[in-house]
Amino acid sequence: MTGHVVLSDAARELFGETLPVAQRYAELLADVGVTRGLIGPREVPRLWERHLMNCAVVEELIPQGADVIDIGSGAGLPGVVLGILRPDLSVTLLEPLLRRTVFLQECVDLLELDNVTVVRGRAEEVQKKLKADFVTARAVAPLPKLIGWALPLLRKGGSLLALKGERAEAELEAARQDLSKQRPNTADVIRVGSGKVDPATTVVRVTVTTDLEAGSKGAPSKSQRAPGGRKKRGRKR
Ligand SMILES: C[S@@+](CC[C@H](N)C(=O)[O-])C[C@H]1O[C@@H](n2cnc3c(N)ncnc32)[C@H](O)[C@@H]1O
């Protein structure tokens, strides 16, 4: 459990009134998240700094009311954190592995995240069914592969936000050729959360500048939701 963790002022400030929900999520990660092998036991002491806060600061790149698809959510990073912190967002957690979608759905239910939907699937297989303003991904795939998965999921003006390490600039340069074969786009590397997390979170942002193909739609259908998945409603507090 994370009961012994003394939270930093930065964590309190970052999560504000959503802190109790974030604390409950951290407890779930440290408890069943570890026993079910979704997160390593060595991550428990650094859950806040390295995982929750590192993901939370990405919210400053996402405007009010946006739809977000989190590719390869795993145990919910960054998707669950964004859903907790930003009830205005509509977040879809996209994850192929059943064991993980079961855990994600339990988190959504226990934390009462009515703005978060769990979808079991692979990014490359949902391109005709899901569309969003933002796609997030952390520790999922090398940039060229991620670009190929994410860009077809984005509406015009939407962005892939790929949380990357210190080599982000080099990764982006190496992926320029792959980017040139995709829908027209602009790409840059930005660091977010300076003064809140150390080091700041490095994000490769790729923004598409053309329209969607015809026939795509926003929200997942009922059949795409994980077992027990609920429709979006106003967030209960
Ligand atoms: C290393 S984990 C990272 C999980 C989480 N994003 C994090 O930062 O802790 C990678 C996740 O990507 C998922 N994944 C792998 N291939 C995928 C695909 N094609 N589409 C969607 N998710 C995928 C895996 O099942 C796994 O849960």
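Where is P78 found? I looked it up, and P78 sits in the loop between strand 1 and helix 4. Helices (H or I, at least four residues) and strands (E, at least two) are DSSP runs, numbered from the N terminus. I numbered residues from 1 along each chain as its sequence is written. This is a predicted model, so I took local features only at pLDDT of at least 70 and side-chain atom pairs only at pLDDT 80 or more, while totals for chains, interfaces and linings use all residues.

**Confidence.** I noted ipTM 0.99 and pTM 0.89 for the model. pLDDT is the predictor's confidence in each residue, from 0 to 100. The protein averages 89, and 87% of the residues score at least 70. Residues 214–224 stay under 50, with 13 contacts beyond four places in sequence. Residues 227–237 are also below 50, with 18 contacts in the model beyond near neighbours in sequence. A contact here means two C-beta atoms, placed from the backbone, within 7 Å. Where pLDDT is low, the predicted coordinates should not be read in detail.

**Backbone.** Most residues other than glycine have a negative phi, and most peptide bonds are trans. I found a cis bond from L77 to P78, with omega near 5°. Another cis bond runs from D198 to P199, with omega near 0°; P199 is in the loop between strand 6 (185–192) and strand 7. E112 has a positive phi near 55° and lies in the loop between helix 5 (98–110) and strand 3. A139 has a positive phi near 55° and is found in the loop between strand 4 and helix 6 (143–150).

**Exposure.** I call a residue buried if 20 or more other C-beta atoms, placed from the backbone, lie within 10 Å of its own, exposed if 12 or fewer, and partly exposed in between. E112 is partly exposed because its count is 15. A139 is exposed because its count is 11.

The unreviewed UniProt entry lists G72, L77, A123, E124 and R138 under "binding site". UniProt positions are given in the numbering used here, feature names are shortened, and annotations may be inferred rather than shown by experiment. G72 is in the loop between strand 1 (67–71) and helix 4 (79–85). Why is G72 buried? It has 22 other C-beta atoms within 10 Å. Leaving out residues up to four places away in sequence, G72 touches E95, A137 and V140. E124 is in the loop between strand 3 (116–120) and strand 4 (132–138), and is partly exposed because 13 C-beta neighbours lie inside 10 Å.

**Ligand.** I counted a residue as near if its C-beta atom, placed from the backbone, lies within 6 Å of the molecule. Of the 17 residues around the ligand, G72, G74, R122, A123 and R138 come nearest.

**Helix 3.** Eight of the 10 residues of helix 3 (residues 47–56) are buried, so this helix is largely enclosed by the rest of the structure. W48, H51 and N54 are among the buried ones. The buried residues pack against helix 1 (9–15), helix 2 (19–35), helix 4, strand 4 and strand 7 (201–208).

**Core.** A nonpolar core is a set of buried Ala, Val, Leu, Ile, Met, Phe, Trp, Tyr and Cys residues joined through C-beta atoms within 7 Å. The largest has 71 residues, and Y25, V135, A150 and L160 have the most contacts inside it. Helix 2 gives the largest share of this core, seven residues.
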